[in-house]
Amino acid sequence: MLTDLAAIGVKRRDPEQAVSFGREAVELARASSSGYIARRLRDLCDEFGPLSRDHRVAELGAEIATLSTP
């Protein structure tokens with residue numbers, strides 16, 4: 001659900017929403033060691049497009065890149 005809300009933020013070109021929900025999803029993925037959430041977050045990174053120029057979105061992308069999938 002959090003990754004879906006972050007994706008909606010990306011589609012709306014709303015970096016605040018994308019980063020807010022994206023970071024929550026990253027925390028959940030780390031806490032639960034969920035490979036599924038990590039994969040969903042990596043898919044989200046593919047959708048960043050022009051938002052990736054925003055430093056907050058770029059930082060989120062770097063956090064997502066550190067997640068491992070089992």
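## Overall fold

The chain has four helices and zero strands. Helices (H or I, at least four residues) and strands (E, at least two) are DSSP runs, numbered from the N terminus. Read from that end, the order is α-α-α-α. The radius of gyration is 11 Å, close to the 11 Å of the globule rule for 70 residues, so the chain is as compact as a globular protein of that length. That radius is taken over C-alpha atoms, and the rule is 2.2 Å times the number of residues to the power 0.38. The C-alpha trace spans about 30 × 20 × 15 Å along its principal axes.

This is a predicted model: local features need pLDDT of at least 70, side-chain atom pairs count only at pLDDT 80 or more, and totals for chains, interfaces and linings use all residues. Residues are numbered from 1 along each chain as its sequence is written, and side-chain values use heavy atoms, with hydrogens and water left out.

## Burial, contacts and charge

Of the 70 residues in the chain, 39% are buried. Buried means under 20% relative accessible area, exposed over 50%, partly exposed in between (1.4 Å probe, protein chains only). The chain exposes about 4200 Å², and carbon and sulfur atoms supply 53% of it. Areas come from the Shrake-Rupley method with a 1.4 Å probe.

Contact means heavy atoms within 4.5 Å. Take the contacts between residues at least 6 apart in sequence: 61% join residues at least 24 apart. The 10 positive charges (Lys and Arg) and 11 negative charges (Asp and Glu) have mean positions 3 Å apart.

## Helix α2

Helix α2 covers residues 15-32, 18 residues in all. From first C-alpha to last it reaches 25 Å, close to the 26 Å expected at 1.5 Å a residue. The expected span is 1.5 Å times one less than the number of residues.

Its buried residues are Pro15, Gln17, Ala18, Val19, Gly22, Ala25, Val26 and Ala29. They pack against α1 (2-11), α3 (35-46) and α4 (55-65).

Isoleucine 64 lies in helix α4. It is buried, with a relative accessible area of 0%. Leaving out residues up to four places away in sequence, isoleucine 64 touches Val26, Leu41, Arg42 and Cys45. Val26 is also one of the buried residues of α2. Leucine 5 is 59 residues from isoleucine 64 along the chain, and their C-alpha atoms are separated by 16 Å.

Aspartate 43 sits in helix α3. At 44% relative accessibility, aspartate 43 counts as partly exposed. Its C-alpha atom is 9.4 Å from that of threonine 3, 40 residues away along the chain.

Note on methods
The place of a charge is taken as NZ of Lys, CZ of Arg, CG of Asp or CD of Glu.
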